[in-house]
Amino acid sequence: MPSAHLRVALVGNPNTGKSTLFNALSGLRQHVGNYPGVTVEMKKGRFSFHGIDFTLIDLPGTYSLAPRSPDEMVAVDLLLGRRAEEAAPDLILAVIDASNVDRHLYLTTQLMELGLPMVVAVTMTDTAAAQGIVLDCEKLAAALGVPVVPVQASRGVGMDALRSALCHGGKVPTPPPFPDAVAGELDALAAACPLVPRFLVQRLLFDVGGHIETWLTQTQAPTLPAQLAAARQRLAAAGCAVSGVEARTRYGWIRTATAGAVTKPTTRLTTRTDRIDRVLTHKVWGTLAFLAVMFLVFQSIFVWAKPFMDAIDAGRGWVGDLLTAHTAAGPLRSLLVDGVLKGVGGVLVFLPQILILFAFIAVLEDCGYMARAAFLMDKVMSRCGLNGKSFIPLLSSVACAVPAILSTRVIENRRDRLATIMVAPLMSCSARLPVYALFIGSFLRDGYPWWLSGLTLFGMYLIGFLVAPLVALLLKRTLLRGETPLFVMELPAYKMPTLKTVLFRVYDAGSAFVRRAGSIILASMVVIWASLYFPYVDASGASYPDRIEALEADDAPEGSAAEAARLQGEWKRNSYLGRVGRGLEPAVAPLGWDWKIGVAALASFPAREVMVGTFGILYDVGEVDAKEVGNADDPKAAGLKATLQKEWADDPIRGKYGVSVALSVMVFFALCCQCASTLAVIRRETRSWAWPAFTFTYMTLLAYLGGFVTFQLGRVLTDALGG
Amino acid sequence: MATLNELRPGESARVVSLTGTPSLVQRLAELGLFEGETLTVVALAPLGDPIEVHLGNTRLTLRRQEAATVTVEPI
C-alpha cells in the first residue's frame with residue numbers, strides 16, 4: 001500500500017532529457033533548493049496523481065555515483081538520506097537514453113546498490129528508432145527487475161504510464177553480483193567501518209583517491225588506510241584489480257541483461273549528429289561556425305540588451321521624477337531617489353544581459369553545441385591553465401562580468417571555475433567604456449593622429465585580454481594548484497532545444513540574481529549615497545540641498561545654474577567620502593592623480609559607471625550622463641571635457657603630463673574591480689566572502705600598480721622626449 | 001600496440017589497457033571506454049588537441065595527454 005506522499009529522486013546521465021522530463025512532470029510547481037557548504041543546487045518539483053502527492057528531486061546529471069568532490073557527495077548523501085534537511089527518497093526514477101542503453105545502465109546498476117525501489121524511464125526512443133535501435137521495454141523490465149516505461153517528455157507521450165508506475169511504488173532490484181573475492185573484501189571493510197552504509201563501503205573500496213576514501217580514512221579507525229591498501233592489493237593479485245573490476249562486472253551484467261531486449265543494427269548507421277559534427281568540429285568550418293556563434297552571443301548581450309537597459313534607466317528616471325514631485329526635499333527624498341531607486345535600477349539594469357546570455361547558454365547547452373565549443377577552444381584555454389568551458393564566460397565578461405560569472409556554472413571542476421570567476425572581472429566590460437571615452441576624448445584626440453584614440457581604446461581592451469589569462473595561470477599555479485582536472489567529456493547528440501527548458505533556465509538565472517545579489521547591490525548603493533550626502537550643511541549651518549533647490553527654482557536669476565553646480569561640487573567635496581578622498585591624496589599622487597580623481601575613483605567602487613557623473617559634480621559641471629560622454633553636442637559632456645582640459649592645464653603635474661595621467665586613470669579603471677554587483681555575484685556563486693574579498697584586493701592592488709607604472713613611465717618618456 | 005593519441009582520424013582500435021590515474025580510468029569506464037571495447041578516432045580539434053572518439057553510440061572528447069594513457073590495438 002503506497003503512502004499518500006512519495007519522495008522521488010530523479011537520477012540520470014547528463015543530456016538524457018532529464019530536465020525536460022522533470023519539467024513535464026512538475027510543470028510550474030518547482031523551486032530551487034540550496035545545500036549549505038556546497039555550490040550545488042537541486043530543483044524540487046511537486047505533482048499529484050491518483051491521490052498521491054509526489055515530491056520530485058532533480059539530482060544533477062552524473063555518469064556515476066562515485067563522488068570525487070564534496071559537491072558530488074551531496075547527491076549520494078541525499079539518496080542515502082544522510083542530509084539533515086532532506087529525508088531519504090522513497091523511490092528512484094532512473095532515466096536512460098534508448099540510443100545508448102548499455103552506458104546509461106552503468107549508473108542504473110550503481111543505483112540498484114542503494115536498496116531503494118526503482119522505476120526506469122527510457123527517453124530518446126525516437127532517436128534510437130531512427131538509428132535502427134529497437135528496445136523491448138517489457139523484456140528490459142524483466143531483466144532489470146524494475147518497471148521500465150518509455151517516454152517522450154517533450155510531447156507528453158508515456159507520461160501517464162510513468163506517473164502510474166510511480167504510484168505503484170516501483171520495485172527493489174537485485175544489483176549485479178560482484179566476484180566472491182570482492183564481496184569478501186567488502187564484508188571485511190564494512191566490519192571495520194561500523195555505521196557506514198554498505199553503499200559507501202563499496203565506494204571506499206572502488207574509488208581510489210575518491211571523496212569517500214579521503215573522508216572515511218580521516219574519520220574512521222587509523223588502521224583503515226592500511227587495511228584498504230591491503231584489500232586492494234589482494235584483489236589485484238586475485239585478478240580483480242579495483243581499477244577495472246567494477247566496469248567489467250557492471251558492463252558484463254548489463255550486456256547479458258539487455259541481450260534479448262535491445263536490437264541494434266550490425267553496422268552503426270551514420271546519424272544526423274555525425275553529419276552535423278563533420279562541419280561543426282571541422283578544423284576550418286567548425287572554427288568559422290564557432291566564431292559566428294560567439295559573435296552572435298557577444299553582439300546580443302552588447303547590442304540587443306541595450307534598448308532594454310535604456311528602458312530600465314528611463315523608467316528609473318520617471319519614477320525618480322515622480323518621487324521628487326511628491327515628496328519634500330531633504331534626506332528622505334534623496335535617499336529614495338539617489339540611494340534606493342538607483343540601487344534598484346542598478347540591480348534591474350543587469351537583467352537584460354543576464355536573461356539574453358542565459359537564453360543563449362540554455363539553447364547552446366540543450367542542443368548539444370556547448371560541448372563542441374569547449375572541444376574547439378580547449379587547447380587555447382589550457383595554455384592559461386583553464387579549459388575549453390571557460391571561454392564563453394570570459395567572452396561574455398567583455399559585455400558584463402555579472403552574467404559571465406553566473407555562466408561559469410557550466411565548468412564542473414571547482415578550481416577551474418574559481419579561476420575563471422576570479423579573472424572574469426578583468427575583462428573590460430561595457431561600464432568602463434564611458435571612462436575611456438571621457439579621457440580619450442579630453443586628452444588624446446585634439447592635436448593627435450586620427451588613429452590614436454582608436455588604438456588607445458583597443459589597448460584598454462587588450463589589457464584585459466592579456467592580464468586575465470596571466471592571472472588565471474598564476475592562480476592555477478598557486479592558490480588553486482592541484483591535479484590537472486580531467487577534460488574527458490561526452491559530446492552529446494544534437495537535438496532541438498525545448499522552449500520550456502530554455503525558459504526555465506532563463507527564469508532561474510534571473511530570479512537567482514535578483515534575490516541573492518540584489519540585496520547586496522542595493523545596500524552598497526545606499527551606503528555610497530549616504531557617504532556622499534552627509535553632512536549636508538555648510539560651515540554656516542545652511543543646508544546644501546535647500547540652497548541648490550532655491551537656485552534651481554524657475555524664477556531664479558541668470559547664472560544660478562552655474563552657482564548650483566558649484567554648490568553641488570562644494571557639498572560633495574565636504575561629504576564624508578569627499579573628506580576621505582582628500583585625505584587619500586598622498587596615496588594617489590604617485591599615480592599622477594589629484595584628490596578629485598581620487599574621490600571619483602573612490603566613489604566608483606560600488607559601480608564604476610558613476611565615475612563620469614561624480615567627475616561632473618566634482619568639477620562643478622553638474623551631473624553628467626555617462627551615456628552622453630561620447631556625444632560632442634551634449635552641453636554637459638562637452639563642458640566636462642573643457643573644464644577637465646582647462647583645470648589640468650593650470651596644474652603643474654597634470655598640465656605637463658596630462659596624457660600620462662589620463663592613461664593612468666584608464667589603466668586603473670581597466671584593472672580595478674569597481675563593481676559591487678560583481679562582488680555580490682562572486683559571493684553568491686562561491687558561497688563565501690573570502691573569494692570576493694580576494695578578487696577585490698588583488699584587482700585593486702593590480703590597478704594601483706598599473707596606474708603607478710603607467711604614470712611613472714609616461715612621465716619619464718615625456719621628460720625624455722620633451723626635454 | 002599503440003596509444004590512443006597516436007591514432008589518426010578514421011582509424012579504429014580495440015582498447016587493450018588503461019594506465020592513467022585511478023580517476024581517469026574510472027571516468028573513462030563510466031563513459032563506456034574500458035578494456036576490450038572498440039573505438040574510432042573521428043576528429044582532432046583545430047589545434048590538434050583534444051581528440052574526438054566514437055565508442056558505440058557515445059561520442060567522447062579527451063585531451064591527447066589523457067589519450068596517451070589508453071593502450072590500443074589498431075584494427
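Chain A is divided into domain 1 (5-167), domain 2 (180-239) and domain 3 (285-448 + 484-498); the bounds come from an automatic or database domain assignment. The model is predicted: local features need pLDDT of at least 70, side-chain atom pairs count only at pLDDT 80 or more, and totals for chains, interfaces and linings use all residues. Residues are numbered from 1 along each chain as its sequence is written, while chains are lettered from A and ligands numbered from 1 in the order in which they are written. The centres of domain 2 of chain A and domain 3 of chain A, taken over C-alpha atoms, are separated by 46 Å.

At the interface, 30 residues of chain A are in contact with 28 residues of chain B (C-beta atoms, placed from the backbone, within 7 Å). Two or more residues each come from helix 3 (101-112), helix 11 (242-258), helix 13 (285-326), helix 16 (369-382) and strand 10 (489-490) of chain A. Helices (H or I, at least four residues) and strands (E, at least two) are DSSP runs, numbered from the N terminus. The side of chain A that touches chain B has 13 nonpolar, nine polar and eight charged residues. Here Ala, Val, Leu, Ile, Met, Phe, Trp, Tyr, Cys and Pro count as nonpolar, Asp, Glu, Lys and Arg as charged, and the others, Gly among them, as polar.

Strand 10 of chain A also pairs with strand 5 (residues 58-62) of chain B, antiparallel, over two bridges. Pairing requires at least two bridges found by DSSP. Met489(A) has Thr61(B) as its bridge partner. Within chain A, strand 3 (residues 41-49) and strand 4 (residues 52-58) pair in the antiparallel sense over seven bridges. Ser48(A) stands opposite Asp53(A). The two strands form a hairpin with two residues between them, and His50(A) in the turn has a positive phi of about 50 degrees.

Helix 13 of chain A packs on helix 14 (residues 331-348) of chain A at about 165 degrees, with axes 10 Å apart. Axes are lines fitted to C-alpha atoms, for helices over the stretch in contact, and angles run from 0 to 180 degrees between N-to-C directions. Helix 13 and helix 14 of chain A are therefore roughly antiparallel (angles under 35 degrees count as roughly parallel, over 145 as roughly antiparallel, 65 to 115 as roughly perpendicular and the rest as oblique). The residues of this contact divide into seven nonpolar, three polar and three charged.

Helix 21 (residues 451-477) and helix 31 (residues 658-671) of chain A pack at about 40 degrees, with axes 10 Å apart. That makes helix 21 of chain A oblique to helix 31 of chain A.

How values were computed:
Contact = placed C-beta atoms within 7 Å.
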